[in-house]
Amino acid sequence: MSSNEINEFIKENTEKIYDEMVKIRRKIHMNPELGDEEFETSKTIKEFLNDNGIEYEEIINTGIVATIYNGEGKTVATRADIDALPIFEENEVEYKSKTDGKMHACGHDAHMTIQMGAAKILADNRDKWHGIVRFFFQPAEETDGGADRMIKAGALKFKGDADKKIDAFFALHMAPEIELGKIGVRYGKAHATSAMFKLTVNGISSHAALPHKGVDAILIGAKILEFLQSIVSRRIDPREEAVITVGSFKGGEAENVVCDKVEMRGTIRTMSQEIRSFIIETMKRDLPKFVEGLGGSIDVNIREGYAPVINNEEITKILEENVVNLYGKESLEIINEARMDVEDVSYFLNEIKGTFFRLGTKNEEKGLIYGLHHPKFNIDEESLKIGMGIQLKNILEFLK
């Protein structure tokens, strides 16, 4: 098919299945499940794949790797995360979450629906294209990184061909900050890398009237806050992006006692693994000496989080051209600044040339203005059609 024929094909077929996919999205939305607990969600996906003759494999418990083999040609893949969040939904809609304290507040229900819709259209129209398309349905994006575990379990491998590689990868995320009808494209660094830390400061308790008899863990904790900020402001090149946040500071039980123990928890966010490593090494090496100089001791525990999301320039250019060709220049939104939140789609992008983009769903007239992880987050369901369309465009143009 020519590009114009592909566009007409997409328009006709996304319109044809739109109502069906809205129903599926609402079913998933009503039945949210947290990371590694997505058993019913996984069952819904597998039933859909079976109904549409799409083969799949189960992986890491609730994950699914679906593949459409359609003759010789290139191989392209997409990904949808499938877990929900521990949030009480506040939307008053007919498809509101039926499970108190759990909600699809990050759009993963839409990600799944878009991917299933694209897979259905490709499976129903094998005469229009050739090659291989793989669909990753990934659990636990919001928790401990299902992408990394899927890859380690063999999600990128092909039976009978150990050397076969995926040539391109396209993944999307709902974007409540972008107007419906627009698609956000980012070149290069897109999302940060992270680490989580727990610092336990040990002092010596004493009466508040005799502070010189003790070692105040709260005072040391306050000094640690300054120390952490000095790492970013004085030890890292200011042209690098980095932030250290202490989100929890707990210590002391009585107003007349010098506190002997403080627990601090927080996160590190950077745009490169090198800067993240520098901060971690600095904290582990220098914090114990710093606290010892104040008369206390400290236990430093740091756990590395997701890798940074870095989009491949070649594949991102293909995406940009596809957006303009399918939906027009007015639909393209170039994102000029990286985000400091994290995304484990990075593990796929570390292995495959690909790009991660944002699908606009903001609609002020309908009151759809709330951000991700908000109890009133919701999408304009027209974005499902747009999402299916751009993913089909990406796949079909790449396989031509």
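Select Ile59 and Gly63: Ile59 stands opposite Gly63 in strand S2. The model is predicted; its local features need pLDDT of at least 70, side-chain atom pairs count only at pLDDT 80 or more, and totals for chains, interfaces and linings use all residues. Residues are numbered from 1 along each chain as its sequence is written, and side-chain values use heavy atoms, with hydrogens and water left out.

Next, select strand S1 (residues 55–59) together with S2; they pair in the antiparallel sense over five bridges. Strands (E, at least two residues) and helices (H or I, at least four) are DSSP runs, numbered from the N terminus. Two strands pair if DSSP finds at least two bridges between them. S1 and S2 form a hairpin with three residues between them, and Ile60 in the turn has a positive phi of about 35°.

Stay on S2 (residues 63–70). Seven of its eight residues are buried (under 20% relative accessible area, with exposed over 50% and partly exposed in between, using a 1.4 Å probe and protein chains only). Ile64 stands opposite Phe137 in S4.

Move to helix H1 (residues 3–30) and helix H2 (residues 39–51). Their axes come within 10 Å and cross at roughly 155°. Axes are lines fitted to C-alpha atoms, for helices over the stretch in contact, and angles run from 0 to 180 degrees between N-to-C directions. H1 and H2 are therefore roughly antiparallel to each other (the term for angles over 145 degrees). To see where they meet, select Glu20, Met21, Ile24, Lys27 and Ile28 in H1, then Thr44, Glu47 and Phe48 in H2. Contact means heavy atoms within 4.5 Å. The residues of this contact divide into four nonpolar, one polar and three charged.

Then select the open sheet of four strands, in the order S10-S12-S8-S13, with antiparallel pairing. Its edge strands are S10 (242–251) and S13 (297–304), each pairing on one side only. The twist averages 15° from one strand to the next.

Within this sheet, pick S8 (residues 193–202) and S13: eight bridges join them. Ala195 stands opposite Glu304 in S13.

Finish with two helices. Helix H5 (residues 217–234) packs on the sheet, touching S8, S10, S12 (261–270) and S13, and its direction makes about 175° with that of S10. Helix H6 (residues 273–292) also packs on the sheet and touches S8, S10, S12 and S13; its direction makes about 165° with that of S13.

How values were computed: Parallel < 35°, antiparallel > 145°, perpendicular 65-115°, else oblique. Nonpolar A, V, L, I, M, F, W, Y, C, P; charged D, E, K, R; others polar.
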